[in-house]
Structure formats: C-alpha cells, structure tokens
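Here's a quick tour of a structure, written for someone who likes to look at contacts and charges. Have a look at it first, then read on.

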Amino acid sequence: MYLQYIIDSIGTGSLYALMTLGLALVFSVMGLMNFAYGQLVMIGGFAMILLRSQPWWVLILGTVVAVVIVSLLMERLAFRPVRTATAMTMLITSFALAQLLQQAARVAFGANPRPLEQFSELSVQYTVGDLYISRMTLITVTTTLVSVVVLALLLKRTNIGVQLRASTEDVEMSKLVGIRSNRVIASAFVISGVLAAIVAMLFFSTRTNVSWSSGESIVLIAFVGAVIGGLGSMVGAALGGFLMGFTYTMLNALLPVELRVFADAILYTLVIVVLLIRPAGIIAAKGVRV
Amino acid sequence: MSLLELQGLRIAYGEAVAVQGLDLHLDEGEFVSLIGHNGVGKSSTVKAIAGLVKPAAGTISFTGEEIQGKDPGVILRKGIAVVPEGRRIFTRLTVKENLTVGATVRKDRSAIEASYRSMIERFPVLGKYSGRMAGLLSGGEQQQLAIARALMSEPRLLLLDEPSLGLAPQIVDQVFDLLGELRAQGTTIFLVEQNAAQAIRASDRYYVMRTGGVIQVEAKGGDSADVSAIEADYLHFGKV
Ligand SMILES: Nc1ncnc2c1ncn2[C@@H]1O[C@H](COP(=O)(O)OP(=O)(O)OP(=O)(O)O)[C@@H](O)[C@H]1O
Ligand SMILES: [Mg+2]
C-alpha cells in the first residue's frame with residue numbers, strides 16, 4: 001500500500017527534478033532566474049501536438065529541436081543584451097518574455113486547451129506482486145536517471161562542462177583564462193532547452209491537452225525546487241525538485257479525501273519550514289549571487 | 001621596442017580617479033616590479049592591462065600593438081596571462097581542471113597534456129592533489145596553482161598581483177624563488193607588490209607608484225644613492 005504510493009511519488013519526484021535542473025543550470029551560469037522556462041515546456045507541448053501523427057522518433061527529435069531553437073533565440077535576443085544589467089532587470093526581462101510567449105501561443109493555438117491524443121502504448125501497467133508500476137513511471141524514472149548521469153558527465157568530463165562550472169563560480173576569472181562566455185552561456189541554454197523538451201514529453205504524455213498557460217505551474221515548481229535545494233547547486237536542484245514532487249504526490253495519497261484540497265497549502269508550508277531552517281537551501285552552494 | 005608599454009594611462013571609476021598619467025615599459029625577458037601602498041592603483045593597472053577595466057585615457061601597447069580596451073580573452077590570446085589579486089582559483093574545480101582550464105586558449109590537446117605533466121613536475125604538490133577540489137588546498141598551494149594555471153596558457157608576459165599576500169614568510173620565499181626561476185627561463189614578469197623589499201631584490205627594475213599614479217623609475221644598480229633614497233622614503237611611508 002505505502003510502497004505503491006512511494007513508487008508513484010518517485011515518478012512525480014523524478015519529473016520535478018528534471019524541471020528544476022533546467023532552470024537551475026541557467027541560474028548557476030549567469031545568475032538569471034529564467035521565468036520563461038515554463039513556456040519552453042509549453043512550446044514543447046504544442047510541438048508534440050503538431051508532430052503527434054509522426055513516427056515516435058520524429059516526434060521526440062522535432063520537439064527537442066523546436067524547444068532548443070526557442071531557448072537559443074531567448075538567450076540571443078532577450079537575455080544577451082541585458083547580461084551585464086542588474087539581476088532585477090534580467091528577472092523582469094524573463095517575466096516579459098514569459099508573457100510574450102504565452103500570448104503568442106494563445107494567438108497561434110487559441111485560448112482553449114488543445115487536445116493531445118493519448119499515447120495508449122504508455123498506459124500499460126506492470127504488476128509486481130500486488131504493486132502496479134505504469135510504463136510511464138518506468139520511462140520517467142529511467143529518463144531522469146539517464147539525463148542526470150549524462151548532465152553530470154557533460155559537466156565533469158567535457159571541456160565545455162569544465163568551462164561552464166568555472167564560469168558559474170567566477171565569471172571575471174573565467175574571462176581571464178580565456179573562456180568565451182557567449183559560447184558557455186549559449187551551451188547552458190541548449191542544455192536547458194533539451195531538459196525542457198524532455199520535461200514536456202514526460203509531462204504532457206500523461207495529460208490530455210496543452211494550453212497556452214501550461215507553463216506557469218511548471219516554472220513555479222521548478223523555481224521552488226531550485227530554491228529549497230540550494231541555488232547554484234545542481235545536486236541541490238535535483239534533490240529539491242525531487243522532494244517537491246515526491247512530497248506532493250505522497251500528500252495527495254495519504255491525506256484523507258476531505259483534506260486533499262490542502263495538499264498545496266501543506267506542501268508550501270513545508271517549503272517555508274525548510275527555508276526557515278536552511279535559508280540557503282538544503283545544499284547551499286558557496287558564493288552564490290541571488 | 002618594448003614588450004609592454006603604458007603611456008599616460010588614466011583609470012577612473014565614475015568620478016573617482018584611481019590612476020592618473022602612468023608611464024612604464026617592460027622589455028622582453030625582464031622582471032619588473034611595481035610597488036606601492038594600498039589603494040594607489042596597482043590592481044587597477046593590472047586589470048587595465050588584462051582588459052578587465054577600460055582605461056579612461058592613455059595607451060597600452062603589447063609588441064607594438066595597442067591593446068587598451070580589448071577583451072580579456074583577446075589580450076590573453078596575444079600572450080598576457082594574469083595571476084590576479086587573491087589568487088581566484090576555481091575552488092569547486094579539481095586541481096587538474098584548474099590547470100586545463102588555464103589552457104583554454106590553446107588547441108593542441110597533446111601539447112596541453114605535456115604542459116600539464118611538466119607543470120606537476122615543477123609543482124609536485126599539484127600533482128599529488130590533482131584530483132582534489134582546489135578549494136581544499138592551503139594558501140601557499142593555491143598560490144602555486146594560480147601561477148601554474150596562468151603558465152598553462154604559455155604566456156609571453158606574466159602579470160602577478162600581490163602573489164605574496166597572506167602567505168607565511170617561508171612560502172613567500174618559495175614564490176619569489178619560483179619567479180626567479182621563471183625569469184631565468186625567459187618568461188617576462190610584471191610583478192605588483194606591497195612587499196617592497198623582496199620585490200626590489202628579485203626584480204631587474206622596479207617602479208614606485210604613489211597616490212595619483214605618479215611614478216618614479218629606478219634602474220637597479222643605477223644611481224645607488226637615489227635608489228636607497230626611494231627605498232627609505234617608501235619603507236618609511238610603509239610603516240604608517
Ligand atoms: N571597481 C571599483 N569601483 C570604484 N572604485 C574602485 C574600484 N576598484 C578600485 N577602486 C578604487 O581605486 C583605487 C585604486 O584601487 P586598486 O585596487 O587599484 O589599488 P591597489 O593599489 O591595488 O591597492 P591594494 O594594495 O590594497 O590592493 C582605490 O581608491 C579603490 O578604492
Ligand atoms: Mg591591489
């Protein structure tokens with residue numbers, strides 16, 4: 001019984017961890033909390049609708065490419081010009097961009113949610129003893145693990161990864177050793193875009209529609225996850241996101257029916273408690289500018 | 001032609017003028033020091049050469065080409081590497097990663113690997129802790145790492161901003177020994193220091209910087225009376 005809840009919660013936790021990583025990566029490289037990140041996921045959802053009738057690999061590839069292009073355009077057209085401005089300016093730019101993308105989606109796809117035909121092959125359930133594991137949960141957990149490992153290898157083993165981490169710690173010094181910050185920041189947006197596309201595919205596969213406002217709740221989760229995990233720390237971000245998703249699903253499963261409406265309230269109360277105990281997050285990174 | 005030449009350099013932060021009319025030059029293979037007290041504009045001068053601050057006026061020429069106002073990456077690629085004030089090693093990168101990131105401007109992987117090996121031969125402690133987070137090194141080890149990281153770009157000119165700051169006297173001696181060795185191997189060195197006595201002893205020539213950027217040039221072994229006058233003046237001033 002409890003084990004069943006835990007399995008379901010691990011699924012949600014994994015998805016939230018991925019959401020948080022994409023946001024936290026860009027934050028740690030350039031101190032930008034990109035609130036338009038949720039709209040990247042939303043755009044991924046619409047790409048899925050447009051590509052729904054294509055073979056699965058075209059759908060996956062097309063969605064990733066579409067989101068990465070938008071992510072790169074964001075960096076080039078909106079964030080690069082304000083890179084040396086104050087954190088507040090960058091923040092407001094990201095809010096404006098989020099609104100712009102939402103309204104554009106609303107004009108392009110209409111005010112009503114657009115239906116997304118279900119992927120019946122994903123709703124298969126496996127039985128292990130008296131536990132049920134859906135194929136979607138397995139895919140979500142596996143994808144998250146693979147993404148986290150790939151991201152870790154990328155950051156640890158490649159030149160661009162080392163340069164990314166160096167820039168995260170000390171931008172000025174990274175310039176002094178000849179790191180091209182444009183390239184490094186653009187790479188962060190590419191990775192963030194890939195993560196947003198993966199999140200979109202995992203998230204909307206379990207939904208029946210995509211709406212122009214779909215990104216809002218996602219970026220909130222990612223933001224809170226990154227903050228409680230510890231801004232600037234990748235491990236912290238993944239952990240924070242995971243805990244958000246895990247706790248939320250557990251609350252929904254364990255609370256008596258009449259109290260379930262309070263699941264959000266309880267979750268965010270817990271968030272406040274965590275931040276009171278550890279204001280810099282669970283895993284506080286050193287020397288982070290907020 | 002001098003390797004590096006500053007003419008009429010003026011650096012200002014908004015209204016506040018940090019350096020006013022600075023002239024100095026370095027020849028290839030020379031070890032030159034710039035000494036002066038807190039706040040006279042030594043670090044500002046280093047930052048201007050390295051491209052971190054744009055001078056308000058004046059020129060900075062390297063191998064005859066004006067480089068003032070260019071980006072740090074461009075200046076590094078021309079052959080000027082910096083060991084900045086406070087070392088600024090990447091604490092969350094390993095020692096080896098700090099060194100490889102120092103070679104960002106170089107392309108040839110196997111040549112970089114060879115430099116890495118010769119670097120850990122020269123600095124055995126860096127080899128010993130190569131896989132360790134650099135933030136865990138002691139102050140002296142971090143200073144060695146900062147110097148080694150700068151050398152990884154194979155610079156023609158090495159700028160050092162107070163490398164002896166915060167180090168025990170023995171370690172300071174080691175740092176100066178190292179600079180002497182580098183000099184002997186042909187690296188041109190521009191050292192900024194408050195530790196006047198040691199800097200003067202180690203270098204071929206030195207400049208004294210006073211508030212407002214006024215500079216007096218003294219060649220070592222030149223008019224000795226004049227030199228000791230400046231030293232006395234400087235050291236006396238330093239006691240305040
Ligand atoms: N970013 C800045 N903004 C405003 N003023 C600055 C800035 N950096 C330096 N200054 C000022 O410029 C002057 C010169 O500073 P600088 O750091 O170059 O001195 P310094 O000779 O290196 O001193 P120290 O020996 O203490 O390192 C100081 O008065 C300092 O307050
Ligand atoms: Mg200084």
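## A glutamate at the metal

B:Glu85 comes out as partly exposed, because its relative accessibility is 34%. Keep in mind that this is a predicted model. B:Glu85 gives an OE atom to the magnesium ion (ligand 2), and B:Ser43 gives its OG, with distances of 1.9 to 2.4 Å. The two residues sit in distant parts of the chain, 42 residues apart: B:Ser43 belongs to helix 1 of chain B, while B:Glu85 is in the loop between strand 6 (80-83) and helix 3 (95-102) of chain B.

Is B:Ser43 buried or exposed? B:Ser43 is buried, because its relative accessibility of 15% falls under the 20% cut-off.

## The sheet and the helix across it

Chain B has an open sheet of 4 strands, in the order 2-1-4-5, and the pairing is antiparallel. At the edges you'll find strand 2 (16-26) and strand 5 (65-66) of chain B, each of which pairs on one side only.

Inside that order, strand 1 (residues 4-13) and strand 4 (residues 57-62) of chain B run antiparallel and are joined by 5 bridges.

## Where the two chains meet

Now for the interface. On the chain A side 20 residues are in contact with 22 residues of chain B. About 2000 Å² is buried between chain A and chain B, and carbon and sulfur atoms give 55% of that area.

How many salt bridges are there between chain A and chain B? The count is 3. One of the salt bridges pairs B:Arg88 with A:Asp170, whose closest N and O atoms are 2.7 Å apart. This pair crosses between chains: B:Arg88 is in the loop between strand 6 and helix 3 of chain B, and A:Asp170 is in the loop between helix 6 (159-169) and helix 7 (171-176) of chain A. B:Arg88 also meets A:Glu172 in a salt bridge, at 2.8 Å from N to O. As for accessibility, B:Arg88 counts as partly exposed because its relative accessible area is 25%, whereas A:Asp170 is buried at 14%.

## Salt bridges within the chains

Over all chains the count comes to 15 salt bridges. Side chains of opposite charge can pair when their charged atoms come close. Within chain B, B:Lys78 and B:Glu65 meet at 3.2 Å, N to O. B:Lys78 is partly exposed at 27%, and B:Glu65 is partly exposed at 34%.

Helix 4 (residues 109-122) of chain B holds a pair of its own: B:Arg117 and B:Glu113 are 4 residues apart, about one turn of the helix. Their side chains form a salt bridge at 3.6 Å, N to O. B:Arg117 is partly exposed at 47% relative accessibility, and B:Glu113 is partly exposed at 31%. Over in chain A, salt bridges with shared partners join A:Glu75, A:Arg80 and A:Arg83 into one network.

Notes:
Residues numbered from 1 in each chain as written. Chains lettered and ligands numbered in written order. Predicted model: local features only at pLDDT ≥ 70, side-chain atom pairs only at ≥ 80, totals over all residues. Heavy atoms only, no water. Pairing = 2+ DSSP bridges. Donors = N, O, S within 2.8 Å, 3.2 Å for Na, K, Ca; no water. Buried < 20%, exposed > 50% of the residue type's maximum accessible area, 1.4 Å probe, protein only. Salt bridge = Lys/Arg side-chain N within 4 Å of Asp/Glu carboxyl O. Contact = heavy atoms within 4.5 Å. Buried area = accessible area lost by both parts, 1.4 Å probe.
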